[in-house]
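Dear colleague,

Please find the structure below, handed over for your use. My notes on what was found in it follow.

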Amino acid sequence: MKTGFLRQLLPLCLVCCSLWLSGCTTYGLAMNQPGSVRNWSATYSLRGFSESFVSSENALVLAFSGGGSRAAALSYGVMRELEATPLPGAAGKTMLDEVNIISAVSGGSFTAAYYGLHGKGIFRDFEQVFLRQNLQSSLTRQLLSPVRWLVGEDRTEAAIRIYDDEIFKGADFRDMLRPDRPMILINASDLASGARFSFIQEYFSLLCSDINTFPVARAVAASSAVPVLFSPVILENHNTCNYNPRHQPWIERLRQRASSDPELRQLVNGLDSYQNRSRRRYAHFVDGGITDNLGLRAITDMMELAGGTKPLLDNLKLRPPKRLVILLVNAATKPEITMDLSTAQPSIRATISAMTDIQLHRYNTATIDRAKASLGQWVTQISSPQHTVKPYFIELDITTVPDAARLHFLNSIPTSFRLTGDQVDVLIQTGQTLLRTNAGFQRLMADIRAGR
């Protein structure tokens, strides 16, 4: 009996020791280099990528939600199905070739960043490099390592080393600047201001910093740094340039539109706050899911930064597409709630989980409504009597799987960085099936084939 009790007590002691030691002050590393942009086409920016956009009948934007490895596997399955879907009338091209932008948070950012680096090479090795690896064990070993405690290494720094060594192999944002690939928005949350922050040059310029030399692993770590479990990723707010957002046309345009939009005003205020460099010497970034667990709000933010769809197309001298598509991959599950089966008081963990789920699902609903409204406004801006642009909002929701047994299996997969082989297989298949059988996607494909 004593042995069994000690075996159960040991993990709790290790966790308590880890949390106690983490209470000692540690200092994160600010790895962003100072710099200013001289050539926007050679930096990882909206302006740089938009110069390589070409007129197409289809403009496709993907949004990958958070949810640990579950989200990464589901979004990977959707990408495989897009690659398996031929683009009608374009020999050798698939629907994946029509993707212009991928916006991702937390777990979904692993898939998005890997595709940004490797393109269709993702289908060669992403499963082995990430999805079928027990990253959770590697993280646990690092977090409980006495060596880390002795050197005072930050918990997130330990995670970044793993991501960099095992997944992203030292890549920085210069390695993602490819004209034949979509722009990848890796999104995090500013812990102090509550603003969303996308790892692109437009945001880095506010910090007088150069994103090209910034490690991809560090951006993904910021996007997935769940508060308390992981410490924030820190960026230095350099005082080495004359960049003033109040003197930048895109910020001024954003501020004018924010006068009647409280949420947009919050974004502007958050961006403006970096100008107070004496008070904001360092910015602390955590899980992007805190401010947008679906990756959708970052898309609307980016379009606002561009001044809207019409100014963007006019500036680039591009004709409007026939179809503007937002495809959301939502990996948020609804685990079975058992607290109502008895009069026993729920545990602290169960209570926090239930409260978080309530807030998350309500916020997700508001986010989807906002994205749909924005999509409608965008197509109105670029439509004309001679050329009507059709909007398509396609949501792939893991909780809509019709098979009860499979749905129960999916809802039981925790939000972590560890999947069994069966879980990987089912998640990939689910992503493929959700896209293939989705009525909105079928309508899109039918319209493309008919030229509508």
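Please note that the model is a predicted one.

Strand S8 (residues 282–287) is also joined to strand S4 (residues 183–190), again in the antiparallel sense, by three bridges. Here Asp190 is the residue that faces Phe285 in S8. As a general point, the side chains of a regular strand alternate between the two faces of the sheet.

For orientation, the protein as a whole contains 18 helices and 10 strands. Of its 452 residues, 52% are buried. The protein exposes about 20900 Å², and carbon and sulfur atoms supply 55% of that area.

The disulfide

A search of the whole structure returns one disulfide. It links Cys208 to Cys241, with an S to S distance of 1.9 Å. The torsion about their S-S bond is about -70°, so the disulfide is left-handed. Cys208 sits in the loop between helix H9 (201–204) and strand S6 (209–210), while Cys241 sits in the loop between S7 and helix H11 (249–257), so the pair ties together parts that are 33 residues apart in sequence. Cys208 has a relative accessibility of 1% and counts as buried, because the cut-off for that class is under 20%.

Helix H16

Helix H16 (residues 404–411) has three buried residues, namely Leu407, Leu410 and Asn411. They lie on the same side of H16, because the arc they cover around the axis is only 95°. In general, an α-helix has 3.6 residues a turn, so residues three or four places apart point the same way. The cover over the buried residues of H16 includes helix H3 (68–83) and helix H17 (421–437). At the start of H16, Asp403 brings a side-chain oxygen to within 3.3 Å of the backbone nitrogen of Ala405.

Ser374

Is Ser374 buried or exposed? Ser374 is buried, because its relative accessible area of 12% falls under the 20% cut-off. Ser374 and Thr300 are 74 residues apart in sequence, yet their C-alpha atoms are 7.1 Å apart in space.

With kind regards

How values were computed. Residues numbered from 1 in each chain as written. Predicted model: local features only at pLDDT ≥ 70, side-chain atom pairs only at ≥ 80, totals over all residues. Heavy atoms only, no water. Buried < 20%, exposed > 50% of the residue type's maximum accessible area, 1.4 Å probe, protein only. Helix = DSSP H or I, 4+ residues; strand = E, 2+ residues; numbered from the N terminus. Areas by Shrake-Rupley, 256 points an atom, 1.4 Å probe, with all protein chains shown as cover. Pairing = 2+ DSSP bridges. Arc of directions from axis to C-beta. Contact = heavy atoms within 4.5 Å. Polar contact = N/O pair within 3.5 Å; in protein donor to acceptor, adjacent residues only side chain to side chain. Disulfide = S-S within 2.5 Å.
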